Amino acid sequence: MAEGMLLAIAQKIIEDLGSWAFQEVGSLWDVEAELENIKNTLSTIQAVLQDAAEQQSHNHQVRDWLEKLKDAVYEADDLLSEFLTEALRRGGTSENIAKKVRGFFSSSNPLVFRYDMSRKIIAMRQKLNAIAEDRKKFHLKECHVEPQVSMDREETHSFVPNENVLGREDDKKAIIKLLLDPNVEENVSVVPIVGIGGLGKTTLAQYVYNDDIVKKHFELKMWVCVSDPFEVKVVIEKIIASATSNKPNGLHMDELQKQLRKEIDGKKYLLVLDDVWNQNYNKWDNLKSLLMGGAKGSKIIITTRAKLVAETTSPVSIYTLKGLSEDQSWSLFEQIAFRKRQETNNPKLVEIGREILGKCQGVPLAIKSIGSVLCLEKTERKWSYVKDSVVANVLQSGDNIFSILKLSYDHLPSHLRSCFAYCSLFPKDYEMDKETLIQLWIAQGFIQSSNNKNLEDVADEYFNDLLWRSLFEEDLITLPDSITRLRNLQTLKLSSCENLKELPRDIRELVNLRHLYNKYCNKLSHMPRGLGQLTCLQTLPLFIVSNDPPSISNHVGGLGELNRLNNLRGTLEIRHLVRLEDGNSESKAANLREKQHLECLILDWGRESNLNANDNDEMLLEGLQPHQNLRELSVNSYWGVRFSSWLLFLTDLTDLNLSGCKRCRDLPPLSQLPSLKGLSIGSMDDLEYISEKDINEEVPVSSTPFFPSLNSLQIRGCPNLKGWWRSASTPHHQQHQSLPSFPRLSSLYIIDCPNLTSMPLFPNLQVKLNLKRASVKPLQQTMVMASSVPSSSSSPSPLSKLKDMTLWDIEDDGGSLPDGCAANLNSLKSLVILNYPRLTSMSGDMRYLTSLENLHISGCDEFDPFLRFLRYLRIQDCLNLTTFPERISELTSLQRLEIIRCPNLTSLPDGMDGLTSLQSLQIIRCPNLTSLPDGMHGLSSLQTCKSHITARWDAWSQFFTNAENSSFLNLTTFPERISELLTSTA
């Protein structure tokens, strides 16, 4: 694929030399003819590159010629880049090229440099001419080089490789049968999937991994891409990362093995090890020994090309994956190659397609690749040409599959071939995010804009084109660490350089810089003067305001550096605004109103105490007005009393986060933001009412919806907050005037707001309600709605769609909930009630919670928790609990039972034998539990049984002594001190 990059660089040089900038420079320097000669020579060479690339495998002279050409083209690219970049640097910006060029050739520039550059260009022209002349020795065929534009696909087809798995339903069923097989002696067994490259082993494993039956059967699922080399430590790190969603960093092997066993021991897990090449039995045995603590029925799927690798794992059975059948192959091919169904009416194309398909051997990757090539061709002649190429390549190499994939690459347009070839520089299975890859392509000059399109947008089209052709199946990380001499540098990644204190002082020299990633560079002290000259800059996540004002330091840049950076997009965080002395003028100099591409703005004053309070904040915020296109806004540690009026002009705003604004007493009427979906208000000590308006002003009797788009609301740490509107928080109003409702609110969190007793109603919650150290009155008001909704109304009952509710440390003065309040909660799946001693009303209504699966109760002695559909029950800190009622046997779906810190619990009922689905039992800090019922011996599904010594050991000792040997065949985790019992009975 090296010729793809060579072709791309040659094309880039040709296009650069044809630009107005080079023509102007060449004319002024009297090398116009030399540059034109280089351009023509490269065009001549470019025409034969395709044939040379195909001949090099069997002609070493052609291969040597290509190596010389590659060196010369790279040298030419460097020389010409230096030539033009120096002109740009001396001219300052890219806005006035004529001025730059003339400035570069003014009498103030050294004649020696001009002479040296001219001499180098002439030498380069001579070298390329000689190489071009040598091409004649090889009689290379010329071929047309396509212009770098996106392919016209007409209609796109519906086939998406990762969403539609064709022809593997039987294979999937067979693998799942092996996974669910109970007749396996080992707790953890291995199921290898073996097959040649491209057969779809990984796709089949993904298909199985995401099946609903598999999801329900396994308590824990993990996916690891192994590849080569097989390093046990690395594999363990990846398994832990998959299990916990956190990658372990810097741990030694002993620490890793402890963490791995903590995550998987006692759990029925499924682990997929994808793309394994290891044939070393000792390495596999070292890994497997750490995986054996899983519960009975745990399975490990490995995918591999080699049967020897599979046999190394000592599997119960090996599943050998075959190619697709003829009909399945044709169905897949047809979906890709025939974009329009009427094309299948052409019998000649069908005949040619079936001949080509015969060479694919049922391998999906080959079928998709060749189908993607033919999809772009419309004539029988082109299809016949592809067929003949396939046959010729197969005869030459003897490898059907590789030949077809190589043909797919050869048929890529030149601009895609170079981008795809560039990916070969990275190791196998190297993961790279799409955005980084696109930036590298641009930096290499592979992306050429047309019709004034943004380069990133064009590169995104290239990426999607390769994805569409099935050459990418996953998104594919580099950190250039050079500084200001790299004047062609376009991307500088410094994110998470936590000890970095300052950026280069001469950063203005990086005239081509488009992306500066400095997120999480938390020790940066300032931004350098001259940053504002980088007008190509599109990415700047973090701007630090300096302690030293720009007026007293010649290398410190102020907010004015942002003035001309109007191409910024994505996220911009301005930090330490508290350091500004003249807030009004500096904030206006930032010119945020002109940054129409910014999506997210974070304004952080960075206060750490009350000592640095000042009265500047309101003027400063006023001057930081963003463009109305802004979608996300966060304001942190702002100590103005009021917010700027421009907040209501942000009609596209979807997310608003206000935190640490301790002096703010009320907010503008945020209900006027029509697009607002998420609102978070936190740590606002002086806030008494959310809205500065009266309820009758903000909620007029009209058709205008109240917060029409709000989906999520969080209010935290507002100790003095009393209500939404001052007028609506009086007892008189609460009794005589109805409150408005949030029409779309789905999640509501109210935490540490004990005085919030009145707010808009929230009957349509679906995802989550969390009240913690808060009043229950807002919930009471919403629940009371049920009595005012006519039975004939088509509107759903209040909270009838809510799935998750937590009530935690509820204030005593709030009282209990209305009688019958649970009648509407028929969608509730999870209920957590902690330290709400006055809650008694729901006990009698629990029968209505027909969807409840998880219940956690703490500090609620009078609460009746028994529901037959429960899967998880946790009872904690119930001081008066002495036993459970016999009808505990009704909990036939219960899988986990946890009883924690119930000091007066003395016994469990005989009805425990009805818990036929119970897999995990934990009894912790119940010191007076003196006996366990004999009925528990029938809990055949029990796998985990834990007690942290604090339960009376006599009870456990007697219980296990009386148990029959067959009672707990599945039990893998026992109470502590079980070894004492084993010793005493030996």
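## Salt bridges and a parallel sheet in a predicted model

Asp-752 and Arg-773 meet through their side chains in a salt bridge at 2.5 Å, N to O (a side-chain nitrogen of Lys or Arg within 4 Å of a carboxyl oxygen of Asp or Glu). This pair links distant parts of the chain, with Asp-752 in strand S17 (residues 747-753) and Arg-773 in strand S18 (residues 768-774), 21 residues apart. Strands (E, at least two residues) and helices (H or I, at least four) are DSSP runs numbered from the N terminus. Salt bridges with shared partners join Asp-752, Arg-773 and Asp-809 into one network.

This is a predicted model, in which local features need pLDDT of at least 70, side-chain atom pairs count only at pLDDT 80 or more, and totals for chains, interfaces and linings use all residues. Residues are numbered from 1 along each chain as its sequence is written, and side-chain values use heavy atoms, leaving out hydrogens and water.

The structure holds 25 salt bridges, including these:

| Pair | N to O distance |
|---|---|
| Asp-752 and Arg-773 | 2.5 Å |
| Arg-514 and Glu-456 | 2.9 Å |
| Asp-685 and Lys-662 | 3.6 Å |

Arg-514 and Glu-456 are both buried (under 20% relative accessible area; exposed is over 50%, partly exposed in between, with a 1.4 Å probe and protein chains only). Asp-685 is partly exposed at 30%, and Lys-662 is partly exposed at 31%.

An open sheet of five strands has the order S2-S3-S4-S1-S5 with parallel pairing (two strands pair if DSSP finds at least two bridges between them). Its edge strands, S2 (220-227) and S5 (319-320), each pair on one side only. Seven bridges join strand S1 (residues 188-194) to strand S4 (residues 298-304), and Pro-192 stands opposite Ile-302 in S4.
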